[in-house]
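Here is a short briefing for a first look at this structure. Keep the sequence and the 3D view open while reading.

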Amino acid sequence: MTTEIEIVPCLTDNYAYLVQSGDYCAVVDPSEPAPVRAALARRGWKLTHILNTHHHLDHTGGNLELKQETGALVVGPGKDAARIPGIDIGVDERTGWEFDGRRVHVLEVPAHTRGAITFVIDGHAFTGDTLFTLGCGRLFEGDAAMMWESLSKLMTLPDDTLIWCGHEYTQSNGRFALTLEPGNGMLQERMISVNAARAAGKPTVPGSLGEEKLTNPFLRPYSAEIRKSLGMETASTVAVFGEIRERKNNF
Ligand code: ZN
Ligand code: FE
């Protein structure tokens, strides 16, 4: 069995994803129905499931129309069921989920929202607004310690896990990353290909988790160079992480 992923650009900089396997097709985080409808028609896939990583409207705005048109079942964080439009199946770490006969891991990764989850299907992690390529989400419903714990959980996945995140933010994330770690050669190299992709109008997702660990400052609060940039050589991991998040808010 193979899983095919189709990127569906939505709104200004959101990504929804079609995940197809056998007779099943899920859409992850449909911001709006029209681009998802068009992608389904283009591929000739029939929607069976709608997956939500968190409740924000730019990730769930297409739920009800797509559900009504296709009869797809809505799958989302059970702990946040009240805020997921049209939810049919609430999932968490304990329940996991199953897609086309294979186990889907659900990781609870609160902080951007308290119900945020990541779905891991066949080596593909759909991280919503928790882990971005070269960045991480804002702390709307949690603090730095909670987000660091959530990201640490994601870091336990295999390094070849592909990260499909909720927005095309890589280029601006990377500009910020370079202010903290200008000497990171892997980061410099990655930004060359990110800039080239954006100049050609192409997506910069997915990234691999291994690549994120080497270049994403939010996964690198132990980096000596980052600590030096922040003047926090001896601070705790969470304190450094929190300061990186704070600086990004004002970047
Ligand atoms: Zn969000
Ligand atoms: Fe979002």
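A donor here is an N, O or S atom within 2.8 Å of the metal; water is not among the atoms, so a site may look incomplete. The model is predicted. With that in mind, the donors of the iron ion (ligand 2) follow the spacing D-H-x69-D-x37-H along the chain.

**Iron site**

- Four residues supply the protein donors of the iron ion (ligand 2): Asp58 (OD), His59 (NE2), Asp129 (OD) and His167 (NE2).
- These donors lie 2.1 to 2.3 Å from the iron ion.
- The site is irregular, and the angles among its four donor atoms run from 84 to 168 degrees.
- A zinc ion (ligand 1) sits 3.2 Å from the iron ion (ligand 2).
- Asp129 coordinates both ions.

- His59 belongs to helix α2 (residues 57-60).
- His167 is in the loop between β13 (162-165) and α5.
- The two histidines are 108 residues apart, and the pair links distant parts of the chain.
- Are these histidines buried or exposed?
- His59 has a relative accessible area of 0%, so it counts as buried, the cut-off being under 20%.
- His167 has a relative accessible area of 4%, so it is buried too.

**Largest pocket**

- The largest pocket has a volume of about 240 Å³.
- It is lined by 16 residues, and the closest to its centre are Phe132, Cys136, Arg138, Tyr169 and Lys248.
- Helices α5 (170-180) and α9 (237-249) are the elements that give two or more residues to the lining.
- The lining of the largest pocket divides into five nonpolar, six polar and five charged residues.

**Gly185**

- Gly185 lies in helix α6 (residues 185-199).
- Its relative accessibility is 33%, so Gly185 counts as partly exposed, between the cut-offs of 20% and 50%.
- From Gly185 to Phe99 the C-alpha to C-alpha distance is 39 Å, and the two are 86 residues apart in sequence.

**Overall fold**

- The protein has nine helices and 14 strands.
- Its radius of gyration is 18 Å, close to the 18 Å that the globule rule gives for 251 residues, so the protein is as compact as a globular protein of that length.
- The C-alpha trace spans about 55 × 40 × 30 Å along its principal axes.
- Of the 251 residues in the protein, 54% are buried.

Key
Residues numbered from 1 in each chain as written. Chains lettered and ligands numbered in written order. Predicted model: local features only at pLDDT ≥ 70, side-chain atom pairs only at ≥ 80, totals over all residues. Heavy atoms only, no water. 1 Å grid on protein atoms, 1.4 Å probe; cavity = no way out; pocket = protein on both sides within 12 Å on 5 of 7 lines; lining within 4 Å. Points joined across faces, edges and corners; volume = space filled by probe spheres on them. Helix = DSSP H or I, 4+ residues; strand = E, 2+ residues; numbered from the N terminus. Nonpolar A, V, L, I, M, F, W, Y, C, P; charged D, E, K, R; others polar. Tetrahedral: all angles 85-135°; square planar, octahedral: opposite > 155°, others 65-115°. Buried < 20%, exposed > 50% of the residue type's maximum accessible area, 1.4 Å probe, protein only. Rg over C-alpha atoms; globule rule 2.2 N^0.38 Å.
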